[in-house]
Amino acid sequence: MKIVVAGTGYVGLVTGVCLAERGGHHIVCVDVNSEKISMLKSGISPIYEDGLEELIKKNNDLNRIEFTSDFESAYGDADAVFIAVGTPERSDGSANLDYLKSAAKTIAENAKKDILVIIKSTVPIGTNEQIEKYINKHKKENIRIEVASNPEFLAQGSAVRDTFEATRIVIGVESEWAKEILLDIYKNFDNHKLVTNRNSAEMIKYASNDFLALKISYMNDIANLCEIVGADIEDVALGMSFDNRIGSNFLNAGVGYGGSCFPKDTKALHWLSNSNGYELKTIKAAIEVNEIQKLKLAKKSSDFVESFNNLKVAILGLTYKPGTDDLREAPSIVNIRYLLERGAKVVAFDPVGIDNAKKIFGDTIAYVNDIDSAILDAEMCFIMTEWEVIKNYDVSNYKKLMKRPLVFDGRNCYKISEMKDNGIEYYSIGR
Ligand code: NAD
């Protein structure tokens with residue numbers, strides 16, 4: 001089959017490359033961003049994901065994958081098209097489907113043979129049906145066009161591995177024809193496949209993401225109470241993790257979730273629920289807890305200084321989690337803004353996120369390439385991302401290099417005893 005993937009972002013590019021790697025079909029990736037396409041043509045990945053660039057080069061050389069901005073030829077004779085464009089949040093919390101509709105229209109206008117359109121983007125329940133009607137209204141040829149749902153569960157930072165080792169491939173279809181095409185596309189993927197209808201597939205994605213966000217907010221809520229009543233969230237989480245019904249993942253307390261998914265997907269489902277006359281109280285609580293948690297370090301640190309004016313503050317970690325260069329909705333952003341508004345001088349370190357941080361903060365903050373330079377003469381330090389290089393840092397340097405060794409750790413990177421032994425004023429989450 002000729003399979004086109006529309007959108008070469010974290011989801012589309014990884015999907016296209018992993019499909020090419022497994023073989024059996026010819027993959028064509030398209031994007032409206034021609035800069036991304038020219039980078040990809042030369043074997044350069046526009047995003048950072050472990051192992052991705054090697055696979056792009058390998059499959060490019062083997063002619064199993066191609067990258068193009070020529071939508072007409074890409075869609076003209078395609079058997080299937082994955083849509084993996086962004087579905088960001090609107091100001092009212094609902095999902096913005098403009099990119100999706102635009103991709104759907106281009107497919108409708110260029111498809112010349114029967115084609116299955118597969119929506120990989122996270123979309124509100126009912127969107128697949130809506131897009132199917134939309135495409136059939138705009139199509140130019142008398143061809144069969146159906147829409148199927150195939151939501152994505154990869155996590156940034158481990159996207160390639162997550163795709164190959166996916167815990168499930170969810171296929172939401174309304175016909176045997178669509179089901180057979182999707183099973184054929186994934187014939188070389190040995191992962192568990194769940195076939196259901198489109199609305200359920202769409203809901204599986206939101207319900208999964210929102211459950212994870214809820215789990216994070218729940219642990220952060222408990223961590224905040226631990227601080228008040230003198231319990232240690234690390235031991236509490238460990239104790240909880242032995243219960244199989246709870247599981248051991250996603251029990252880490254911290255400064256809240258960020259990224260391009262949890263924040264928008266919680267708000268989108270809450271919005272959808274409200275607009276159907278039902279309030280999802282659990283998700284509302286997850287959102288509220290997270291909003292407060294994101295600013296926890298900034299608020300906590302305020303008690304330690306008279307003023308932030310001209311105070312040098314080191315920020316270690318900018319991305320919303322380790323393993324990615326993505327800063328979308330990262331807790332670091334609101335904390336840096338809080339500090340800048342109060343006149344602090346911010347110096348930031350991140351192993352891969354600096355280019356994206358520059359797009360947000362420009363020259364309002366300073367950027368450095370190592371931890372030593374970030375904390376040198378700083379009067380306060382915030383740890384925002386649990387990068388290995390931060391976790392493995394020789395903590396005695398905080399005392400040696402900082403003007404005042406005052407560390408606020410939003411990711412519980414160090415042992416309290418170790419920090420105390422090294423003479424560091426150390427505040428973490430829930431301990
Ligand atoms: P992204 O912003 O990284 O990439 C989207 C890409 O689509 C961009 O390169 C953009 O230029 C391109 N694009 C926009 N309009 C287009 C069009 N008409 N035709 C072709 N390309 C077009 O987004 P992402 O993070 O990959 O997310 C995509 C979708 O997948 C979202 O709905 C998201 O919620 C969902 N999702 C994301 C993740 C994740 O970890 N990032 C995980 C699971 C699901």
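Predicted model: local features only at pLDDT ≥ 70, side-chain atom pairs only at ≥ 80, totals over all residues.

Residues are numbered from 1 along each chain as its sequence is written, and side-chain values use heavy atoms, with hydrogens and water left out.

**Overall build**
- The protein has 19 helices and 14 strands (DSSP runs numbered from the N terminus, helices being H or I of at least four residues and strands E of at least two).
- Its radius of gyration is 23 Å, close to the 22 Å from the globule rule for 431 residues, so the protein is as compact as a globular protein of that length (the radius is taken over C-alpha atoms, and the rule is 2.2 Å times the number of residues to the power 0.38).
- The C-alpha trace spans about 75 × 50 × 40 Å along its principal axes.

**An annotated region**
- An unreviewed UniProt entry places the feature "domain: UDP-glucose/GDP-mannose dehydrogenase C-terminal" at residues 314–416 (positions follow the numbering used here, feature names are shortened, and annotations may be inferred rather than shown by experiment).
- Over residues 314–416 the chain is 34% helix and 18% strand, with the end C-alpha atoms 20 Å apart.

**Helix H9 with H11**
- The axes of H9 (residues 198–229) and H11 (residues 262–275) come within 9 Å and cross at roughly 115° (axes are lines fitted to C-alpha atoms, for helices over the stretch in contact, and angles run from 0 to 180 degrees between N-to-C directions).
- That makes H9 roughly perpendicular to H11 (angles of 65 to 115 degrees count as roughly perpendicular, under 35 as roughly parallel, over 145 as roughly antiparallel and the rest as oblique).
- Residues making the contact (heavy atoms within 4.5 Å) include Met203 and Tyr206 of H9 and Phe262 and Leu269 of H11.

**Helix H9 with H12**
- The axes of H9 and H12 (residues 281–294) come within 9 Å and cross at roughly 55°.
- H9 and H12 are therefore oblique to each other.
- Among the residues in this contact are Leu214 and Asn220 of H9 and Ile283 and Gln293 of H12.
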